[in-house]
Amino acid sequence: MSFRKSKLDLLVRVRYSNPLPAPPCPPKLLDIPTDPMRYTRPEFLDDLANDTPFPMIVDGDLGMPIDLSRWECLWDEKADDSELNPDPERPPPLDPKDQFLLEEPGSYNGFSTSAPGTATPSNPVRHVAWLRKTEYLSREGSLRSSAAQETRYNMHAPIDISRAAQIRDIEASFAAMEGDELAKLRHPNKPDVVAVESFDVFPDAEIWANAYDLFRFSERPGERPPDVDDPRLDCAILRPMESDGDHFLAYYLTREDEVAVEFKRERLARSPDAPEEDEPTPFHFVRDYETVKVEQEVPNEFLIMLDDGEVKNEDYSEDHKPTPRRAKGAYYKNIERKMLLKKKRQNSYEAYLDKWDVVKVTHVPMSKEEEDEREEALAEVMDPMYLLARGEADAEGEVDDAVGHDASGDVVLEVDNTDVMEVFGEP
């Protein structure tokens with residue numbers, strides 16, 4: 001089979017000219033607002049820099065040629081080696097060019113040569129963030145220098161950690177607080193703020209057996225706008241829920257404000273030993289919330305109540321007995337957990353395992369197990385021998401030979417009262 005090549009195979013590129021007219025106005029800069037959060041942080045390239053190998057091409061002397069023929073002791077065993085091994089008591093003078101080698105890397109960038117063999121920092125320059133105000137730098141520099149001097153003075157001071165010294169220091173702290181005047185106390189950061197009253201800090205034994213969690217909502221719960229007062233929010237109910245392996249919380253409120261106010265009034269006035277209520281309080285479902293962040297340990301947040309120790313006249317009534325007066329002080333209770341909640345997206349096709357539209361709350365007496373658990377929690381702040389009793393238990397949770405059982409089966413712990421009186425004093 002033969003092919004005949006056509007002579008008309010010609011490619012022609014056609015160019016169309018499209019001249020544009022000159023702009024009628026000169027160029028102009030436009031102010032376009034840009035969010036700085038769109039930019040990438042400098043730390044974005046840290047991984048790339050760490051993974052990039054640097055060429056290390058050096059000679060046989062690793063860049064530091066040394067003439068070993070200068071020291072005779074390297075070739076003769078009987079020669080004097082004092083030049084290579086100087087006496088620690090009489091070190092040789094240090095060259096001023098090498099004084100910076102005695103300092104920590106990155107601490108200082110300038111040194112004064114006041115005396116040979118010593119390194120004295122001069123004009124320290126710290127690595128600070130970009131666009132920092134100068135007054136912040138001067139204040140931080142003064143605080144840093146004073147703290148460094150105080151640390152240098154107290155570094156080699158002997159510290160007595162004996163039992164008698166600890167008791168003496170604790171008693172001295174109480175004596176210092178009793179003798180100090182409130183007018184002399186100043187706020188560490190606000191000199192104009194002075195103390196007007198002092199309170200002793202105690203654990204709150206009335207609520208110590210209760211476990212408190214701190215819940216923070218991304219926006220105000222309930223269906224009312226933020227500018228409208230809602231007395232129902234401080235008596236809401238959060239119920240744990242689960243759906244398809246997803247855990248969240250169901251939020252319940254009362255329908256009317258009067259029901260919430262009456263519920264709070266009866267809860268505060270009711271005695272723990274009162275009989276069961278006849279009429280429960282209904283709480284209706286509002287919506288679901290999911291947990292965004294959960295902190296299992298909250299070491300720096302507490303519930304604090306200031307008690308002046310006075311019994312008010314309104315506490316006396318025929319139906320309600322006045323509560324026993326306790327000492328003046330600030331009573332605290334630790335927070336178990338802290339959670340951040342946000343609204344959960346509603347899904348009509350989601351299957352709930354156990355959803356309640358209404359929760360009816362009523363007061364019932366505590367069971368024997370609940371009373372024992374409460375007494376065990378209160379022993380931490382009410383029993384002076386609580387820590388000593390825990391110390392008698394071994395690592396496996398069992399009790400040593402000093403622990404026995406009485407006829408009723410209860411655990412009896414024998415503790416030497418002499419050690420207890422030395423710590424807590426006489427009752």
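A salt bridge, as I use the term today, is a side-chain nitrogen of Lys or Arg within 4 Å of a carboxyl oxygen of Asp or Glu, and this structure holds 24 of them. What you see is a predicted model, in which local features need pLDDT of at least 70 and side-chain atom pairs count only at pLDDT 80 or more, while totals for chains, interfaces and linings use all residues. Residues are numbered from 1 along each chain as its sequence is written, and side-chain values use heavy atoms, with hydrogens and water left out.

Let me turn to individual pairs. D257 forms a salt bridge with R232, their closest N and O atoms being 3.8 Å apart, and this pair links distant parts of the chain, since D257 sits in helix α4 and R232 in the loop between β4 (213–217) and β5, 25 residues apart. Helices (H or I, at least four residues) and strands (E, at least two) are DSSP runs, numbered from the N terminus. R232 counts as buried, at 3% relative accessibility, whereas D257 is partly exposed at 22%; buried means under 20% relative accessible area, exposed over 50%, and partly exposed in between, with a 1.4 Å probe and protein chains only.

In helix α5 (residues 368–382), D372 and K368 lie four residues apart, about one turn of the helix, and their side chains meet in a salt bridge of 2.9 Å, N to O. K368 is exposed at 53%, and D372 is partly exposed at 39%.
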